[in-house]
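Thanks, everyone. I will go through one model today, chain by chain and contact by contact, and I will keep to the numbers.

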Amino acid sequence: MAPRAMVTPMSEHELAPVASPRGDAVLAPGQTFATVEAQIAASVLAGSRRLWLVGIAGFFAVSLLFFYSVTYVFAVGVGVMGVNIPVAWGFPIANVVWWIGIGHAGTLISAILLLLRQKWRTSINRFAEAMTIFAAGIAGLFPIIHLGRPWFAYWIVPYPSNMGVWPQWRSPLVWDLFAIATYIIVSILFWYVGLIPDLATLRDRSTRRWQQVFYGSLCLGWRGSALHWRRHQMAYLILAGLATPLVVSVHSVIALDFAVTIVPGYHSTVFPPYFVAGALFSGFAMVITIAAPLRAWFHLERLITPRHFDNMAKVMLAAGLIVIYGYAIEYFMAWYSGDPFARYILIRRALGAYAPAFWVMLACNVLLVQTLWLRRVRRNVWLLFAVALLVNVGMWSERFVIVLSSPHRDYLPSAWDVSFGTNWDYAMLVGSIGFFFFLMFLFIRWLPAVSISEVKELVREQREAE
Amino acid sequence: MTQPERSDIYGLIAMFDTADALLACARRTRAAGYRKVEGYTPFPVAGLSEALGQRDSRVAWIAFLGAAASGMAGYALQYWTAVIDYPIVSGGKPFNSWPAFLPVTFELAVLGGALAAVLGMLVLNGLPRLHHPVFDAEQFGFATRNRFFMLIEAEDANFDPEAIQDFFVRCGAREVSEVSA
Amino acid sequence: MSQIFRPGANTVARAVLAGALLSVPLAFLLGFALVRSPYATGVGIAPPQPVPFSHQHHVGELGLDCRYCHTSVETSSAAGMPATYTCMTCHSQLWTNAAMLAPVRESLARHEPLAWQRVYDLPDFVYFDHGIHIAQGIGCSECHGRVDTLALTRKLKAQPMHWCLDCHRNPAQNIRPRDEVFNMAWQHPANQLELGRRLVDAYGVQTSQLTDCSICHR
Amino acid sequence: MATNGDIDAIRAQLAGRNGDGLWKSLEELSQSPQFPAFLERDLPRLAPLWRAPVNRRDALRLIGASLALSGLAGCGRPPPERILPYVEQPERVVPGKPLFYATSLTHAGYARGALVETHMGRPTKVEGNPAHPASLGATDIFMQAAVLDLYDPDRSPAVRRHGSISTWTVFLAEVADLRARLRRVDGAGLRILTGAHSSPTLAAQLGALSAQFPEARRHVHEPGARDAPRRGARSVFGQAFDTIYRLDRARVIVSLDGDFLAGMPGCLAYARQFADLRRAARIADAGRMSRLYAAEATPTLTGAMADRRIGLPARSIGALAHALAAELGIASPAAAGTLPEAARSWLRDAARDLLANAGAAAVIPGDQQPPAVHALVQRINERLGNTGRAVLHIDTVAAPADRAGTLAELVEDMAAGQVTALVVLDCNPAYTSPLAPELARLLDRLPFSAHFGLYVDETARHCAWHVPARHELESWSDARAYDGTASLVQPLITPLYAGVDRLGFVAALAGELETGAHDILQRYWRTRRGAGGFERWWRSSLERGVIEGSAFAIRSPALRGAVEELPPSPESSAGYELQVRLDPGVWDGRYANNAWLQELPKPLTKLTWDNAAMLAPADAAALGVARGDLLLLKIGDTAVEAPAWPLPGQPRGSIAVHLGYGRTQAGGIGSGRGFDAYPLLAPDGGVPWLREGITVQATGRRMPLATTQHHHDMEGRDLVRRMTLEAFRRDPRQLEQDATAQPPAESLYPPYDYSDNRAWAMVIDLNACIGCSACVVACQAENSSPVVGKHEVLRGHEMHWLRVDRYYEGTADEPRTLFQPVPCMHCEKAPCEYVCPVGATVHDSEGLNVMVYNRCIGTRDCSQNCPYKVRRFNWLDYTYDQERRGTLAALRNPDVSVRSRGVMEKCTYCVQRISAARIDAKKEGRPIGDGEVVTACQGACPTRAIVFGDRNDPGSGVARARANPLNYTLLAELNTRPRTTYLARVRNPGSDAGGASPADGDDGATGDGDADE
């Protein structure tokens, strides 16, 4: 665990670590360049850990379940999933919405908080970004799994085919393609650009040749010159500026998949904002779900302080309240608009075949969240961890309820039917979660999970703060 | 001034302990008449590049142009395919259903802007550049960790090792060394 | 500190980066080239046939009319392939024991059909109707080229969907007088477009309808 | 189920192949020894997915993988294809152009004329023959499904002797011996058992056979035999007659459990005549319609159409008939007292209307009712003067049961050892009778027994010999319609299997070996008609499908004897009664192996693939059972387990079950489905359809029942618009006013202009639609829709493009039943289209909402966004098995794409027929005429409830129908602007005050003129 000894000429910061002026600092007191660097880099450069091996092996096994079930669905047909007419959209769509939502926190933290000059982002943005990329990537798989003929998925891309036909641009599914693809690409750029200086740091820390070459080439020969920094910071700021509207647009577009239809229960103008809020909600829940164990495991207590959890909990609470408002408005509009179909479906949601999921959703997203008003809960990492975990469950049920319950009681009673997931649906959901954590494990082992340069900047500012 | 060409030297580099020391020194370089100066820090030090008289904000313009271009191209693509090349009645909506074309236009604008910004940054910074003379400088490995460096290139109009040496020392450099080209 | 990379590494790194960026469009181009290549379209490939039938000889030299063998080309969606009896109308008199024609005689004797290899094979979900194209003044050679010059029958034109669309969007560029339909040698006049427009009106070709999906797909 | 052995073997064969390679290797596999067996076990015939998961998966993975790969291989060159021209081109056959042949299809012995579409010698689709009195251009589900039977891979392919393959010649040799033996004893001991048949030629042959063997006896066994009407007729006329109806002459119809819209041989004609007095056009013009009173013991289509319906236990119908007679002053006013009040008021109004419309009315008793009821009803019709006008008597048409012995007698004689040789001619007594077990036992002991039929069925298994019959579409024969009209049956395809013509078979029995069916047939008709100009007559008869002037003469026999008293209605507390009815889908079991009929939702229950014990919801509650709970039905020592089906309208204290299920030797489709109800029939002749005093108890076990409609209430949504005739008269424009009262939501976008082109549209008249579902099967046949099997129907994966929705309103005891066929609405502002990312469903310039299968990638967003839920998705590979089995592939309509796995499909307005018409019209340089394009559903409809055509042509039927004040749009508030609209249902219940009696004024339904002017 301890950082390897380094030949470093002494500098007075190491001699006299400064106590942070305020008790409630973003960083724990007494941090210096060397210590932060050591703490962060340790997780990457130090020798292999048994815990890590066990974990990644376990998650890899679960990912296999994912790949097996996907192969099976491709081979036999989507009919093995719990879908039918009228409920032609099933688990895969619910999973897309859920994963994309999770994929939103990262960019939000990195971009919006950066623009808002929220210093506390620095300790968590890096792995939150990684989380975003992996979640968005997995979310990008599910629409393809959902297709009846996945091998023709590329027809949704505009290219000069010799059929002479093009995508149908009025379809929100085409918008999805562009939104999700853009989101994934921009997230990767954002993440990588932020990573370059730290890769350089790792290059210069590492003693083994292969590590030097590996990080050396990844950081593109970063020298950290003032001019580099100037342009780097400008690009980074622009990315943040672009990512902020992007992150809002992505989940709005996802929401439009539903909102532009005429299905009672889908057709609702409140969907875009309420989906975005839901995204932040579940996203932050996932960040906490990951940050808590990460922090304990790599002893990052001095980088990721209770204040971080406190702030994240507050954002969660805020997002949660918007989501609750969304629920309320849905019912209010159904009543106020006097649309009998919308009214009927919203009542069936609460009382019909999908009621259990509906009540789980309310319990987790409405009741449980209220505990975040209590500072005690926000400050208690493991309590918060539990809440976050349940919020993830609640948010999945929300997607499930919206996607499956709405069409099951639409316009013509003669066509009504219900549909639930089969084992394949659950296999793919669980498998995708396993795959996600498999990727996270790879990331924390190979790349700095916290932004070194930004934390150093923070250290310097804290010193000046006296 | 008249100085013999020192082609075997890339420049003189000085190591500082703190960002403030570096910054202070940087502020004096221009007064001392040095132009080809560069500072190296493990994290962005506010004011440094201004102090060194760097005013390059082309990245912003590149990003803006990229966004505008790809956004317009995006709408043009939709218009051409849906209205000119193969108009098909879909849902009784007009061929140019512009409201429905906006999401894709927007996403493409963002994509274009982001790509332009990053590529622009890399190109302007001359990256990737895995090999660079400055890497030969002693202790330079700490430039990305906890030390701060300043380099005056041999190209500089009034490059004079001895003068620069004691200029750096006066600035409080911990050590000064020569970087061979 | 010492260099990790040799100076050459810079060029390598840049090349790699540029390559990565370029590989995407290159892959696309490769794909396009592939689906348009004779390998995929079968253009110019003469499949083996039970009898090496020569359109050049029968049509070009002897001047048989297309409809002598492809009897239903005007009336039906399928042009129709000649029954063995049709071959034997002549070959019961000519070349009665040419080895080349043995399969035909066998087919007649065994009462088993000749098995020809398809040359033009549209996908099963495309419902092309020969009859209406003939009736609307689209000559055989527009789609099949100068078959009358072929010693061995082979595909002369790839027939991807956009190729069909080109004509369906503006039939005037290919339409010809009805009585020239079976004339393989017919050349488009200089004023084709202007002639075409007249014929399109005369034959009541409803261009607005020709790009409907339901015209070809059911 | 496949052992993994199979799978591994196959995997081994597939190893290292890919794309086309794998594809081809699968081809090879189909010849490899274990694969067919493996298909048998893992892929029951038409639907790959009937059995429970595990092994099916292995099988399907192979298939799916190969498809996926070949899908990718699609980028490369298409697999080479071969063209096989004719050696000698048959006259008139043009590749790519269908030919239509007139022929007849028999059902339970009666002929219905058909025009069969054939593609290069492959019959693919049955249409009705307008020239034929029993069809009038319409078809029913059985006619539509006939082509599937033709290609059924389970049909018997070979002569069998004691179960092992033999040959026709060997059989003939044995027949020769038999004949020699029999001639010595004048045929004593020879019995011939046939089903009901109406073939004059066959009758003559059998007559000749009896002449050869005077001592031989004939027996007729037809589960659906119509004995009661004849016995009733005999008791009043002294002679058996068939009673037929002219309902276009009946302003008032009173049905005493008589299901004339479905059950009877003339039902297609009756339905047309019935509808002609009730269709919306007539209501709008004349403001009048006929009135139907229906009393029924179990819900039927007739009851569903009734203006006044009353449900009574079957045992009470007799009393009702008697009470009616009493009201009309025919019988002494006796038993009426025991009838419930509802029945009595029904009775009063019925009697009132009958009297008011004497001579223009008909009282129709049910075939299941005892002879006495029929006798009484004959008197009623006679008294009212209906006889001779709306009610007609003719000589009996189908092989009369009274000149031949019954099955019971046969079994008796067999037991007594008086039978040495038995020939069973297309009927299946070893299944279709309560005596089946005994008969089977006796058959095994019989020295000579031969079975002649399409399948190696239960009877064939117990006969020494089985001779495969040719399907009607493969053979020469003739038959008579319900009114006696004779028509010819001609082969449309060379026999698929080594079948024998029925006439040829009987001829062989008569020792006549050299003449084929065709000659026998011609010989018979020569004798009947005389040789002069025979050939021309013969040709024209073949072309028309009807033999001129062969209808039976109308008889007017005189009544004899006195009115016989009918037993009063027993107390309703007399325990449960059990009614056994023929199944609306598989009839008496003969269609059990027809997947179309199995998967067709039964009109009232919407149940597929099973039969059930239907009981009143109240009784179900009393028994504490719900749908699918297994009941134990006991009579004496016979007990049958049946799943419960609470059915609104089923009279309390009465349980109805359907025959035709629980077969053991039906084939891959029909075997082992549902339960066998035959043991519940009364073994003696008695009243076969009704059993008293049965005990019912819940077993506590359940079984899943696959139904296609789960919700039966309209939830207060105005989906089926309906009103009474009085209301309509008061305010004919009421629907239009509703429409203007709440105009549909405005659209931001201007409507697309279709005025300069044809604009296809469809109007469905809910007054004419009787819910018979012929349209559903017709659609399936025309568009090659796959059958998916019970397991998939249970999962909501059924594939019918057209469904007939059935809603109830009113109470569970006396519900009003509403039918509404729902095809694609072809909305002008189609919600399905703008959500499709690849433009696989879009509009064409004639306003069709087209579905481009080959562009579809299966996002299913279109279905999500379809408010009518008319889209169907190929969830799994439903056509694979048909690909494998050539015969079924041959059934497909070559003008329609085969839809692959993962593709959406839906009603296309039969775009293939539109294209054909458009191309013909263009070639002839003329516009498409009105009625030139007939959709499959429209063509099949017995009542012409569906009108299709060009909305922009003001003269077209569809334009006129859309102008009808009853015209309305389904879910108009959604502003989808559908091209399919409906004509609101109008009921004519009258009122106790006697208002709006159909009697007032003359609605042209008198005289003998057909009502369709």
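This is a predicted model: local features need pLDDT of at least 70, side-chain atom pairs count only at pLDDT 80 or more; totals for chains, interfaces and linings use all residues.

Chain D has 1013 residues, and 64% of them count as buried. The secondary structure of chain D amounts to 33 helices and 39 strands. If we take contacts in chain D with a separation of 6 or more, 75% are between residues 24 or more positions apart.

Next, the nonpolar cores. The largest one has 399 residues, and the members that touch the most others are Phe436(A), Phe16(B), Phe168(B) and Leu633(D). Its largest share is 18 residues from helix α9 of chain A, residues 226-259. There is another core apart from that one, with 44 residues, including Val175(D), Phe452(D), Leu521(D) and Tyr524(D).

What does Leu633(D) touch, not counting residues up to four places away in sequence? Among them are Leu578(D), Ala613(D), Ile655(D), Val657(D), Leu680(D) and Ile694(D). Thr638(D) and Thr695(D) are also in that set.

Staying in chain D, look at Asp426(D). It sits in the loop that runs between β15 (421-425) and α16 (436-445) of chain D. Is Asp426(D) buried, exposed or partly exposed? Its relative accessible area is 31%, and because that falls between the 20% and 50% cut-offs, Asp426(D) is partly exposed. Leaving aside neighbours within four places in sequence, Asp426(D) is in contact with Gly195(D), Phe452(D) and Arg502(D). From Asp426(D) to Tyr455(D) is 29 residues in sequence and 9.3 Å in space, C-alpha to C-alpha.

Gly47(B) is 20 residues away from Arg27(B) along the chain, and their C-alpha atoms are separated by 9.4 Å.

On to the interfaces. The size of an interface is often given as the accessible area lost when the parts come together. Chain A and chain B bury about 5,700 Å² between them, with 67% of it on carbon and sulfur atoms. On the chain A side, the residues that lose the most area to chain B are Arg170(A), Arg223(A) and Arg231(A), together 15% of what that side buries. In terms of contacts, 65 residues of chain A meet 74 residues of chain B.

Between chain A and chain D, about 4,900 Å² is buried, 58% of it on carbon and sulfur atoms. Here Ile85(A), Arg149(A) and Leu412(A) supply 14% of the area chain A buries against chain D, more than any other three residues. The contact involves 55 residues of chain A and 61 residues of chain D.

Last, two helix pairs. In chain B, helix α3 (residues 58-85) and helix α4 (residues 98-124) pack at an angle of about 145°, their axes 6 Å apart. The crossing of α3(B) with α4(B) is right-handed. By class, that contact has 17 nonpolar, nine polar and one charged residues.

In chain A, helix α5 (residues 104-115) and helix α6 (residues 125-146) cross at roughly 145°, and their axes come within 7 Å. This crossing, α5(A) past α6(A), is left-handed. Its contact has four nonpolar, five polar and one charged residues, including Ala105(A) and Ile109(A) of α5(A) and Ala128(A) and Met131(A) of α6(A).

Technical notes:
Residues are numbered from 1 along each chain as its sequence is written. Chains are lettered from A and ligands numbered from 1 in the order in which they are written. Side-chain values use heavy atoms; hydrogens and water are left out. A nonpolar core is a set of buried Ala, Val, Leu, Ile, Met, Phe, Trp, Tyr and Cys residues joined through side-chain atoms within 4.5 Å. Buried means under 20% relative accessible area, exposed over 50%, partly exposed in between (1.4 Å probe, protein chains only). Helices (H or I, at least four residues) and strands (E, at least two) are DSSP runs, numbered from the N terminus. Contact means heavy atoms within 4.5 Å. Axes are lines fitted to C-alpha atoms, for helices over the stretch in contact, and angles run from 0 to 180 degrees between N-to-C directions. A crossing is left-handed if the near helix is turned anticlockwise from the far one by less than a right angle, and right-handed if clockwise. Ala, Val, Leu, Ile, Met, Phe, Trp, Tyr, Cys and Pro count as nonpolar, Asp, Glu, Lys and Arg as charged, and the others, Gly among them, as polar. Buried area is the accessible area (1.4 Å probe) that two parts lose on being put together, summed over both.
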